[in-house]
Amino acid sequence: MRLKAIVLGSIVALLAAACGGPAASPSASAGASATASAAPVELLVWTHLTGPERDEIDKVAQAWAKSTGNKVTVVLDSGDFSAAVTAIAGGKGPDVMYGLPHDNLGNFQKAGQLAAVPSGIIDAAAYVPQSIAATSYDGKQYAVPVSMEAIGLFYRTDKVKGTPPTTFEDLRTQAKGGLGFKYDIKNFYFTYGFIGANGGYVFKDKGNGALDPSDIGLGNDGAKNAYQLLQDLVVSDKLMTKDESGDTAKAAFQKGTSAFYISGPWDVDGFKKANVPFAVAKIPSVNGKAFTPFIGVQAAFVNSKTTDAKQKAAWDLIKKLQTDLPLQLFKVGNRIPAQKALLGDSTVKADANVAAFAASAQDGTPMPNIAAMAAVWGPAGGVLDLLAQNKITPAAAADKVVKDIKDGIAQQK
Amino acid sequence: MDQQRDVMRAEAHPLGGGGSASSRPPVASTSAPSAAGFRITELADAGAAAGARGLARFTAYLYLTPALFTMTLLTFIPIALTITVAFTDWSLANFTDPRFIGLQNFVDLFTGPYSPVFVPTFIWNVAFAALAALTQYGVGLFVALLLNNRHMRETNFYRAILILPMAIPATLSIVAWQGLLQESSGQINNLLEAIANAIGWQGFERIPFLLDDNLAKVSIILVGIWFGFPWFMNMCLAALSSIPAELYEAAHVDGATLFQRFRHVTMPLLLSFTMPLMVASFAYNFTNFGAIYLLTRGNPVRVDTQWAGNTDILITVAYKLLGQPLYRYGLASAMALLLFVVVGSMALAQIRALRLVEEK
C-alpha cells in the first residue's frame with residue numbers, strides 16, 4: 001500500500017516537475033496582471049520564520065509587490081498564537097499568516113478566521129500527502145503547506161560502528177552495552193512515534209485528514225505497550241534519568257556520553273558548530289513497525305476577515321511564494337520542502353541529513369491540527385513525567401491520559 | 001524649622017493664585033510665622049466665597065489627576081474588568097461574543113473536573129505563605145542579631161554581602177536555583193555526591209529536590225528564605241538600632257541575663273515594629289507567583305488532576321486556566337476573584353488581631 005503510494009506520488013512529482021514547474025510561472029504572472037488592473041492593495045504579512053528566512057520571504061514578497069503594483073509589509077510575529085487569534089478577531093491582524101506551525105491552525109479555524117484555499121492556488125497531488133492532511137479540515141484545504149519537519153535519529157559516528165541500527169531492539173542493546181541513548185523522553189512530541197508504532201494514536205483519522213476528537217487512541221493496548229517500553233528505558237534500563245530534558249540529552253550527545261539522540265533539524269547547526277562527529281538516520285522501527293514521528297508543517301493562510309480584494313491579492317502572493325520560496329527556505333533554514341518535486345531537487349538530495357529527516361517523515365503522522373489537540377499536550381506530558389518517575393503504572397497512565405484529555409476538551413468552551 | 005514648614009504650607013496651598021500671594025512676603029518676614037500662616041487661611045476663607053472654595057477643591061483634584069488617572073487605568077479598571085469577566089463565559093473560542101453566565105464559573109471551580117483542585121491547593125497555599133513569612137523572618141532576625149554586635153567591626157561588610165540576594169533580579173536567580181536543584185544534573189547534588197565519594201559513603205543517592213512531592217515544597221521554602229531574609233534582616237537591624245541603649249543598661253543593672261534581655265527587652269520592642277511586616281509578607285507570599293512558577297511550574301505532576309500540580313498555589317492555577325489548553329478568561333477571573341476575597345479577608349483578620357495585641 002505505502003509503496004504504491006510512494007511510487008504513485010513520485011510519478012506525480014515527476015510530472016509536476018516536468019510540466020507543472022515552468023507552467024506555474026506564466027499563470028502566476030497572469031494572475032498578477034489581473035490584480036494589477038484592480039486598485040492596488042496594501043497587504044500585511046505576519047511570519048513566524050525568523051532571521052534569514054524572514055528576509056527571503058520579504059525579497060519574494062517585494063518582487064511580487066513591484067510587479068503587481070501592490071504594497072506588502074512582512075512583519076516578524078514572535079507572539080503567542082492566542083494573541084494572533086485575538087488580533088484578527090479585533091480587526092488588527094495580518095492579511096496573510098506565513099510559516100505558522102500547522103498544529104496551531106486549530107484555534108484560528110475554531111474562530112472562523114481561515115479562508116478556504118481557492119482552486120488553482122495549489123495542486124494537492126504535488127505535495128507530500130501528510131502536509132495536505134495537516135492543512136485541511138474535513139477534507140477541505142484551509143491553508144497551504146510551505147515546508148515540513150520531522151525528527152530523526154542522531155548518532156555519533158565516532159562511537160557507532162558501521163551502519164546505524166535499523167531496529168529499536170538493536171539500538172537498545174547497543175545503548176545498554178555502553179553507547180547510551182538519550183532524548184527528551186518526557187516530551188510527547190518526541191515520544192509519540194513510539195506510541196504510534198505500537199498502534200496508539202491521538203485522534204482517529206476518519207480519512208482525508210478529518211479527525212474525530214471523541215475517539216482517543218492513547219489508552220489502547222498499543223499505547224500501553226509503548227508506555228511500558230518508555231518506563232523500562234528509564235526505570236530498568238536506566239538509559240535516561242527521571243528528570244531527563246531536551247537540554248540534558250543534547251548535552252550528553254554533544255559530550256559523547258550518549259551516542260544516540262532523537263531530535264529535529266534545528267539541532268543540526270549547533271552540533272556542526274560544536275564539531276560533533278555525527279550523522280542523522282531514519283528512526284529505527286519498533287517491534288517491526290515503523291516509528292511514526294509527528295510531522296510539523298509550516299503553513300500559510302489567508303485571514304478570512306479581511307476584504308475580498310485583499311484576499312484575492314493575498315492568494316496571488318501566496319502562489320508566488322510557493323513557487324519561488326521553498327528552495328530558499330531549505331538553503332537558509334534547513335526546511336524540508338513540502339512539494340514532492342522540490343524533494344527531488346539535487347540540492348535537497350545532496351544533504352544526507354535532510355534526506356534522513358525526510359525518510360523519517362515518510363512514516364510520520366501530521367500533528368493533529370484541530371483545537372482539541374491543545375488539550376492533549378498537558379495530560380500527555382504529565383503521564384510521561386509520572387511514568388519516567390515510576391509514580392504510575394502504564395495501565396493507569398493509559399486511563400489517566402484519556403480521561404484528562406476528555407475533561408480538557410469538554411472544558412474548552 | 002517652624003517657619004520653614006509654615007512657608008511651605010502657604011505655598012502648597014492651592015489658593016496661592018489670588019490675593020494671598022501678595023501677603024506671602026510679610027509672612028516670611030514676621031517674627032511670629034505660625035500665627036501669620038494661620039492668618040492666611042483665615043483671610044482666604046473670609047475673603048473668598050463658596051465659589052472660591054469650589055475652585056480650591058477643583059484645583060486640588062487637578063493636582064491629584066495624574067495619580068487618579070494612572071490608578072484608574074492600572075488598578076480600578078482591571079479590577080472592575082476581572083470582576084465582570086468572572087461572571088461571563090469569555091474565552092478564546094468566543095472572544096467576540098461572551099455571555100453572562102452568573103455564578104457558573106464559581107460552581108465549575110468546585111465541581112466536575114476541577115473538584116480535586118481547590119482544597120489541596122488552598123491548604124498548601126496557606127502553609128506556603130505562613131512558612132515563607134515565618135522562616136524568612138526567623139532567619140532575617142537571627143542574622144540581624146548576629147550583625148547587631150557593637151564589637152564586630154565588619155558588620156557593614158557582612159551586611160553588604162548578605163543583601164546580595166535582594167540585589168539580583170529574582171527571575172534570574174530563581175532560574176539559577178532551578179538548575180542547581182536538579183536531581184541528575186544539578187550542582188548541589190554533584191557537590192553532595194563528591195562529598196559522599198570523598199568520605200567513602202556508598203549509600204548516597206542523589207536527592208530529587210524538585211521531583212519528590214514533599215521535597216519540592218521544602219525546596220520552595222528554602223529558596224524563598226534565600227530571597228526573603230535580607231529584607232527582614234535589614235528591617236530587624238533598623239528596629240534593633242532604634243531600641244534605646246538605656247533599656248539594656250537598666251536591665252543589666254537589674255541583673256538580667258543575656259537571654260532575659262533578649263526575651264523581655266529586644267523581642268517585645270522588635271515585634272511591635274516587625275509584626276506588620278510579617279502580615280505584609282504573608283499576603284505577598286500568598287500570591288507569590290514567581291517563587292512557585294519559575295522554580296517548579298507547579299510540578300511535580302499530580303496523579304488525580306491535570307489542572308494543578310503538587311506545588312501549585314491558587315494564583316498559578318488561575319494562570320494555567322488562562323492559557324493553553326483552555327484559554328478560559330472567565331474561569332481564571334473567577335479564581336482570581338476568589339483569591340482576592342481569601343487574601344483580603346485573611347489580611348483583614350490579621351490586622352484586627354494585631355490591633356488587639358497593640359491595645360494590650
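Over which residues of chain A does pLDDT stay under 50, and how many contacts beyond four places in sequence does the model have for them?

Tutor: That's residues 1–36 of chain A: pLDDT stays under 50 there, and the model has 38 contacts beyond four places in sequence for the stretch. Keep in mind that this is a predicted model. As for chain A in general, its pLDDT averages 87, with 91% of the residues at 70 or above.

Chain B has a stretch of this kind too. Its residues 1–44 come out with a pLDDT below 50, and the model gives them 32 contacts beyond near neighbours in sequence. The average for chain B is 82, and 84% of its residues score at least 70. For the model as a whole, you get an ipTM of 0.74 and a pTM of 0.78.

Now for where the chains meet. Chain A puts 28 residues into the contact, and chain B puts in 20. On the chain A side, four helices supply at least two residues each: α3 (81–89), α4 (105–110), α16 (374–388) and α17 (394–411). The largest share of that side is from α16(A), with seven residues. Sort the chain A residues that touch chain B by type and you get eight nonpolar, 11 polar and nine charged.

A few backbone details are worth a look as well. Most residues other than glycine have a negative phi, and most peptide bonds are trans. Against that background, take A:Asp138, which isn't a glycine but has a positive phi of about 50°. You'll find A:Asp138 in the loop between β4 (136–137) and β5 (140–141) of chain A. A:Asp138 counts as exposed because it has 11 C-beta neighbours inside 10 Å, and the cut-off for exposed is 12 or fewer.

A:Lys238 is another non-glycine residue with a positive phi, about 55° here. This one sits in the loop between α8 (221–235) and α9 (246–255) of chain A. A:Lys238 has 11 C-beta neighbours inside 10 Å, so it counts as exposed.

Over in chain B, the thing to look for is a cis peptide bond: it joins B:Asn299 and B:Pro300, with omega at about 5°. To find B:Pro300, go to the loop between α14 (289–296) and α15 (314–322) of chain B.

How values were computed:
Residues numbered from 1 in each chain as written. Chains lettered and ligands numbered in written order. Predicted model: local features only at pLDDT ≥ 70, side-chain atom pairs only at ≥ 80, totals over all residues. pLDDT = per-residue confidence, 0-100. Contact = placed C-beta atoms within 7 Å. Nonpolar A, V, L, I, M, F, W, Y, C, P; charged D, E, K, R; others polar. Buried ≥ 20, exposed ≤ 12 C-beta atoms within 10 Å, placed from the backbone.
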